[in-house]
Amino acid sequence: MRDQTIKLMALIKKGKTCNEICSILNISNKQLFNNLTNLRNKGLYYKQKCYSNGEIIYRPITSLNEIKNIHNSNNTIITTHYENLIKCLVISDLHFGNKLERLDLLDRAFNYCIKNNIHIILCCGDMIDGSYTQGEQNITDIYQQIEHFVKDYPFDKNIITFGVAGDHDLTGLNNGAQDIISILKSYRHDIVIGDYTNSWIHIKNDQVHLFHHTYSGMIKTDESSIVFHGHTHKFMVETKNLANKIQLNVAVPTLSNIMQDYPSALELSLLFKCGYIYYAYIKQIFFGEQDYTLNEMKYSILKEENIKSGNIYNEEPVKTILQKKI
């Protein structure tokens, strides 16, 4: 085993973050991802923990239970005890490989996150254009579309993207035996795609549901506080009265020019009380010559009488690394 591999395994055992490991070993984040993939091919598995400040920490997996649930925990955003406000950027329908893709707007979206101290992006599907299209494609081969996404989706060491795979992504699997989720798990640890059609992001005691239509799957109805819908390419919000709260159903606009002359994204601010989302603030952002706010909406999710104190989950004590960035 090479010296650098031994050092890498030792740093992981010490609980060093992804960025700390890269700094100590003088390697890029993508090189680290590749090294961990090589270790996994040798049977060494690591659990990935994602933090609200964009950091990633790996931990060795040593039990059968953890092996069985290796991917489930990746959809959790770990916060600190005192964090009651979480900000995200929500995007959808990127369609890499289509002539109407807008990589320039994705770069603008990442710059917006950096300027506004946003470390989490939620992506509601159709990362690639797949085997059928609205319009024309500049890349027709599915694997080349996935390669294009792996290589050209923006990267920042302090930003993690959580997502769901949509109907165009699924054509890669159905028609080309190319599973974009597995490929991203190997080469882009900063992009965490939970599943096709439905995916849930767990934050404290609550969750956000990401949905994208596929022909082989349906939306799984639940009591998530917010459900983000890809596929429509248009922005719309509907509210649904549940027994103890309001559920938001948000159609997310495309960040491409497919069926849309003014691509946009959503800035989401979530306020928590006793571990549950009780207030949501949504801004629709258009990345033109400047960043313009097209719409602003505020929603009360939980009524005060329905907020119950108790244990709060998916939190960790304040750590030095979190104090630096939050």
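**Entry 1: the hairpin**

I began with strand 14 and strand 15, which form a hairpin with 3 residues between them. The model is predicted, and I read every entry here with that in mind. Strand 14 covers residues 276-287 and strand 15 covers residues 291-300. The two run antiparallel, joined by 9 bridges. I then picked one position and looked up its partner. Lys 283 has Glu 296 in strand 15 as its bridge partner. I noted one general point for reading the pair: side chains in a regular strand alternate between the two faces of the sheet.

**Entry 2: helix 1 against helix 2**

For two packed helices, the description is the angle between the axes plus the distance between them. Helix 1, residues 3-13, packs on helix 2 at an angle of about 145°, and the axes lie 10 Å apart. I looked up the handedness too: helix 1 passes helix 2 in a right-handed crossing. From helix 1, the contact takes in Gln 4, Lys 7, Leu 8, Leu 11 and Ile 12. From helix 2, Ile 21, Ile 24 and Leu 25 meet them. By class I have 6 nonpolar residues, 1 polar and 1 charged in this contact.

**Entry 3: helix 2 against helix 3**

Then I followed the chain to the next pair. Helix 2 and helix 3 pack with their axes 9 Å apart, at an angle of about 100°. Helix 2 is therefore roughly perpendicular to helix 3, as angles of 65 to 115 degrees count as such. On the helix 2 side I listed Cys 18, Asn 19, Ile 21 and Cys 22. They meet Asn 29, Leu 32 and Phe 33 in helix 3. The classes here are 5 nonpolar, 2 polar and no charged.

Last, I checked backbone angles. Most residues other than glycine have a negative phi. Which residue sits in the loop between helix 2 and helix 3? I found Asn 26 there, with helix 2 spanning 18-25 and helix 3 spanning 29-41. Asn 26 has a positive phi of about 60°, though it is not a glycine. Asp 126 is not a glycine either, and its phi is positive at about 55°. I placed Asp 126 in the loop between strand 5 (120-123) and helix 6 (142-152).

Buried or exposed, for Asn 26? Asn 26 counts as exposed because its relative accessibility is 70%, and the cut-off is over 50%. Asp 126 counts as buried because its relative accessibility is 1%, where the limit is under 20%.

Technical notes:
Residues are numbered from 1 along each chain as its sequence is written. This is a predicted model: local features need pLDDT of at least 70, side-chain atom pairs count only at pLDDT 80 or more; totals for chains, interfaces and linings use all residues. Side-chain values use heavy atoms; hydrogens and water are left out. Helices (H or I, at least four residues) and strands (E, at least two) are DSSP runs, numbered from the N terminus. Buried means under 20% relative accessible area, exposed over 50%, partly exposed in between (1.4 Å probe, protein chains only). Two strands pair if DSSP finds at least two bridges between them. Axes are lines fitted to C-alpha atoms, for helices over the stretch in contact, and angles run from 0 to 180 degrees between N-to-C directions. Angles under 35 degrees count as roughly parallel, over 145 as roughly antiparallel, 65 to 115 as roughly perpendicular and the rest as oblique. Contact means heavy atoms within 4.5 Å. Ala, Val, Leu, Ile, Met, Phe, Trp, Tyr, Cys and Pro count as nonpolar, Asp, Glu, Lys and Arg as charged, and the others, Gly among them, as polar. A crossing is left-handed if the near helix is turned anticlockwise from the far one by less than a right angle, and right-handed if clockwise.
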